Amino acid sequence: MTADVTGDEREPAADQSRAPAAAQEQDLNPLQRLIQQRLREQGWSYGTVARRGGLPRSTVYTLAMTRNLVRPPRPATLDGLAQGLDVPVSAVRAAAAESTGLHYYDEVPAEQGQTPQ
């Protein structure tokens, strides 16, 4: 969409900024929510998280902006993101897996962890 010379038309992004924060939060996948939450809490930028985690800024940005992940990011990327966000890697793994429709279990369920006697 392009605005004409008179400026009567608005860009679509301008309308999205007026949506309530709760509605925008619901549209995010779990990994996006985790990234956005940490950015807000710490006052960090994508570049700051990238530097802290040893990742390209474009990777952090892409993960924060991609609504439908086709597959989870590589383990090294998840490790770097966890370091950059200063959260446990298990939280990042679980959020990334859930964002792709998978379920990630960090601990062995009690019934599977028991040894037969």
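Mentor: Let us begin with touching: two residues are in contact when they have heavy atoms within 4.5 Å. This is a predicted model, in which local features need pLDDT of at least 70 and side-chain atom pairs count only at pLDDT 80 or more, while totals for chains, interfaces and linings use all residues. Residues are numbered from 1 along each chain as its sequence is written, and side-chain values use heavy atoms, with hydrogens and water left out.

Trainee: Which residues does Arg38 touch, not counting those up to four places away in sequence?

Mentor: Arg38 touches Gly43, Trp44, Leu85, Asp86 and Val87. Arg38 itself is found in helix H3, where a helix is a DSSP run of H or I with at least four residues, a strand is a run of E with at least two, and both are numbered from the N terminus.

Trainee: What makes Arg38 buried or exposed?

Mentor: Arg38 has a relative accessible area of 11%, so Arg38 is buried. Asp86, one of the residues that Arg38 touches, has a value of 53% and is therefore exposed. Asp86 is found in the loop between H6 and H7, and its phi is near 60°, a positive value in a residue other than glycine.

Trainee: How is Gln32 classed, and which residues is Gln32 in contact with, leaving aside neighbours within four places in sequence?

Mentor: Gln32, which is also placed in helix H3, counts as buried because its relative accessibility is 3%. Gln32 is in contact with Asp27, Leu63, Ala64, Met65, Thr66 and Arg67.

Trainee: How many helices and strands does the protein chain have?

Mentor: There are 8 helices and 0 strands in the protein chain, and 30% of its 117 residues count as buried. Among contacts between residues at least 6 apart in sequence, 50% join residues at least 24 apart.

Trainee: What makes a group of residues a nonpolar core?

Mentor: Such a core is a set of buried Ala, Val, Leu, Ile, Met, Phe, Trp, Tyr and Cys residues joined through side-chain atoms within 4.5 Å. The largest one here has 20 residues, and those with the most contacts inside it are Leu31, Ile35, Val60, Leu81, Leu85 and Val92. At least two residues of this core are supplied by each of helix H3 (30-42), helix H4 (46-53), H5, helix H6 (75-85) and helix H7 (89-99). In soluble globular proteins, nonpolar side chains tend to be buried together.

Trainee: Where do the buried residues of H7 pack?

Mentor: They pack against H3 and H6, and the buried residues in H7 are Val92, Ala95, Ala96, Ala97 and Ser99. Leaving aside neighbours within four places in sequence, Val92 is in contact with Leu31, Leu34, Leu78, Leu81, Ala82 and Val87. Ala91, also found in helix H7, is partly exposed because its relative accessible area is 32%.

Trainee: Why are Tyr46 and Tyr61 called an edge-to-face pair?

Mentor: Rings of Phe, Tyr and Trp (its six-membered ring) pair if their centres lie within 6.5 Å, and planes under 30 degrees apart count as stacked, over 60 as edge-to-face and the rest as tilted. The rings of Tyr46 and Tyr61 are 5.4 Å apart centre to centre with 90° between the planes, and this aromatic pair is edge-to-face. Tyr46 lies in helix H4 and Tyr61 in helix H5, so the pair ties together parts that are 15 residues apart in sequence. With 16% relative accessibility Tyr46 counts as buried, whereas Tyr61, at 37%, is partly exposed.

Trainee: What makes an open space a pocket, and which residues line the second largest pocket?

Mentor: On a 1 Å grid over the protein atoms alone, a cavity is a set of points where a 1.4 Å probe fits but cannot get out, whereas a pocket is an open set with protein on both sides within 12 Å along at least five of seven lines, and lining residues have an atom within 4 Å of a point. The second largest pocket is lined by Thr59, Thr62, Leu63, Thr66, Leu69, Val70, Arg71, Pro72, Pro73, Arg74 and Thr77. The largest share of this lining, 3 residues, comes from helix H5 (residues 57-65).

Conventions:
Buried < 20%, exposed > 50% of the residue type's maximum accessible area, 1.4 Å probe, protein only.
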